[in-house]
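This report describes one protein chain, going from a single residue to the chain as a whole. Look at the structure first, then read on.

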Amino acid sequence: MTPMAVFSMPEAEREPITLRGKSPMWQAAGWTVFRWSVIGFGLLGFAGSTAAVIGTGGITLSGQVVTGVPAIAVVTLACLVAGALFGSVWFLIFRTLALASAK
């Protein structure tokens, strides 16, 4: 039995797949996931903190009870930061895929 030969495209013929403009598909997907992570986490933080403030009257942060709009703002901001960190990890994963697919 003879092994099968593997042929690859010459470097000049390879072009990255693009969604819009000159941005590679994986990098555009990474920005989309980052954007939706920040938006989703922010909305979940806002909804959860609003429900907690309405239901219990406040949120406990480091032993202090925070009530009203500052409580909602603090929790929403914390969730936005968490969403940005989550989205940045996925952005790096998609960017790695973009670099790997370009080679």
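## A serine and its contacts

Apart from neighbours within four places in sequence, S37 is in contact with G83, F86 and G87. The model is predicted, and these contacts are computed from it.

S37 itself lies in helix α1, which covers residues 25–56. Is S37 buried or exposed? Its relative accessible area is 8%. Buried means under 20%, so S37 counts as buried.

## A nonpolar patch

F86, one of the contacts of S37, also belongs to a nonpolar patch on the surface.

## The chain as a whole

How many helices and strands does the protein chain have? There are two helices and four strands. Along the sequence they follow the pattern β-β-α-β-β-α.

The protein chain has 103 residues, and 17% of them count as buried; S37 is one of the buried residues. The chain exposes about 7,700 Å², and carbon and sulfur atoms supply 73% of that area.

Among contacts with a separation of 6 or more, 56% are between residues 24 or more positions apart.

Key
Residues are numbered from 1 along each chain as its sequence is written. This is a predicted model: local features need pLDDT of at least 70, side-chain atom pairs count only at pLDDT 80 or more; totals for chains, interfaces and linings use all residues. Side-chain values use heavy atoms; hydrogens and water are left out. Patches are made of residues with over 30% relative accessible area and no salt bridge: like charges are joined within 9 Å, nonpolar side chains (Val, Leu, Ile, Met, Phe, Trp, Tyr) within 5 Å. Accessible areas come from the Shrake-Rupley method with a 1.4 Å probe; for residues, only the protein chains shown count as cover. A salt bridge is a side-chain nitrogen of Lys or Arg within 4 Å of a carboxyl oxygen of Asp or Glu. Buried means under 20% relative accessible area, exposed over 50%, partly exposed in between (1.4 Å probe, protein chains only). Contact means heavy atoms within 4.5 Å.
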